Amino acid sequence: MKFIQRINALFFVLLLGFSQQVFAEPGLWKVEKNGIASYLFGTVHVGDKSMQGLPSKVTNALDKTDKVIVEVDISAISPVDMQRRSLPFMMLKDGKTLQSELSEANYAKLQKYFADKSIDIAMFKNLAPWAVMITMMQMEFQKVGFSDQYGIDKQVLAYAKDHKISVGELETLERQMEMFEHLAIMNDKMIEETFAQLADADTYFFGLINAWKSGDMETLTQFYNESFDDSQYGELSEQVMLIDRNNNWVEQLSKRIGKEKLFIAVGALHLPEQHGLLKQLADKGFTVTRI
């Protein structure tokens with residue numbers, strides 16, 4: 001299920017490589033310089049009812065900060081505006097269709113997938129394959145009880161609003177949409193890998209969420225390495241979805257940490273490994289400590 005794992009770089013989890021201590025809660029780090037502390041929190045963008053309510057260590061950290069920083073402030077975008085801004089990126093251009101972008105075999109599999117759910121694939125005729133895949137992923141989430149209603153980043157934003165903490169963002173919605181466009185050359189591969197492991201969706205979703213809940217860094221690291229292997233597809237996905245964005249975020253954040261008290265909440269897969277925020281911030285001289 002490498003495609004879903006890669007797409008979940010937007011939604012899911014991570015590790016820390018600085019400590020072997022076992023933690024029983026999601027990862028939260030203090031990032032300090034000049035005696036001024038900020039916090040870095042790895043989030044998941046969907047969850048189940050058991051994830052309702054932020055851990056006390058997270059709310060304590062939020063109470064100590066002056067601004068929450070997220071990838072994109074979705075709380076400030078209405079559903080109508082979200083659709084208006086996203087649709088131009090999701091629609092195929094120049095006479096292309098979903099069928100023309102896929103192999104005959106993969107299109108047939110996709111057609112059957114939706115037919116089994118009493119959905120006419122014609123609804124998606126002009127949508128980019130990655131947009132159709134995200135629709136499928138959302139359906140699979142719902143099937144196993146996950147919803148963005150319980151997503152951690154959404155809960156962080158709600159807490160900030162309730163406690164009158166200002167919110168900033170690291171990138172725009174359009175920047176995220178452009179990211180998927182860069183992966184369009186792998187459209188057919190996305191479909192192929194998704195169907196290859198779709199039967200393991202339940203195991204994947206629950207395993208990943210449980211690893212995040214318990215702070216099981218070994219399992220989360222394994223998910224990362226399996227998602228971004230040394231294949232052409234794995235390397236492109238890692239570069240576009242994580243490395244390029246992480247580098248941009250570190251450039252922004254390194255100018256502010258040590259001057260402002262920030263609570264930074266980003267998808268957890270943005271934190272680990274050599275290009276992750278944790279190592280890059282530590283390499284820039286910030287003191288990074290897990291709480």
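Modeller: Begin with handedness: a crossing is right-handed if the near helix is turned clockwise from the far one by less than a right angle, and left-handed if anticlockwise. The model here is predicted. In it, α7 passes α11 in a right-handed crossing.

Colleague: At what angle do the axes of helix α7 and helix α11 cross?

Modeller: Helix α7 (residues 173-182) and helix α11 (residues 232-253) cross at roughly 155 degrees, and their axes come within 9 Å. Angles over 145 degrees count as roughly antiparallel, so α7 is roughly antiparallel to α11.

Colleague: Which residues of α7 and α11 meet?

Modeller: From α7 come R175, Q176, M179 and H182, which meet L236, V240, M241, D244 and R245 of α11. By class, this contact of α7 with α11 has four nonpolar, two polar and three charged residues.

Colleague: How do α4 and α5 pack, roughly parallel or oblique?

Modeller: The axes of helix α4 (residues 104-115) and helix α5 (residues 129-143) are 13 Å apart, at an angle of about 40 degrees. Roughly parallel needs an angle under 35 degrees, so α4 is oblique to α5. The crossing of α4 past α5 is left-handed.

Colleague: Which residues make that contact of α4 and α5?

Modeller: On α4 they are L110, Y113 and F114; on α5 they are V132, M133, M136, M139 and E140. Sorted by class, the contact of α4 with α5 contains seven nonpolar residues, one charged and no polar.

Colleague: Next, rings. How many aromatic pairs does a search of the whole structure find?

Modeller: Rings pair if their centres lie within 6.5 Å, and planes over 60 degrees apart count as edge-to-face. The search gives four aromatic pairs. For Y113 and F114, the ring centres are 5.2 Å apart and the planes stand at 85 degrees, so this pair is edge-to-face. Y113 and F114 also belong to one aromatic cluster with F124.

Colleague: Is Y113 buried or exposed?

Modeller: Buried means under 20% relative accessible area. Y113 has 9% relative accessibility, so it counts as buried. F114 has a relative accessible area of 0% and is therefore buried.

Colleague: What share of the residues of the protein chain counts as buried?

Modeller: Of its 291 residues, 53% count as buried. The secondary structure of the chain comes to 12 helices and six strands. Among contacts in the protein chain with a separation of 6 or more, 84% are between residues 24 or more positions apart.

Technical notes
Residues are numbered from 1 along each chain as its sequence is written. This is a predicted model: local features need pLDDT of at least 70, side-chain atom pairs count only at pLDDT 80 or more; totals for chains, interfaces and linings use all residues. Side-chain values use heavy atoms; hydrogens and water are left out. Axes are lines fitted to C-alpha atoms, for helices over the stretch in contact, and angles run from 0 to 180 degrees between N-to-C directions. Helices (H or I, at least four residues) and strands (E, at least two) are DSSP runs, numbered from the N terminus. Angles under 35 degrees count as roughly parallel, over 145 as roughly antiparallel, 65 to 115 as roughly perpendicular and the rest as oblique. Contact means heavy atoms within 4.5 Å. Ala, Val, Leu, Ile, Met, Phe, Trp, Tyr, Cys and Pro count as nonpolar, Asp, Glu, Lys and Arg as charged, and the others, Gly among them, as polar. Rings of Phe, Tyr and Trp (its six-membered ring) pair if their centres lie within 6.5 Å; planes under 30 degrees apart count as stacked, over 60 as edge-to-face and the rest as tilted. Buried means under 20% relative accessible area, exposed over 50%, partly exposed in between (1.4 Å probe, protein chains only).
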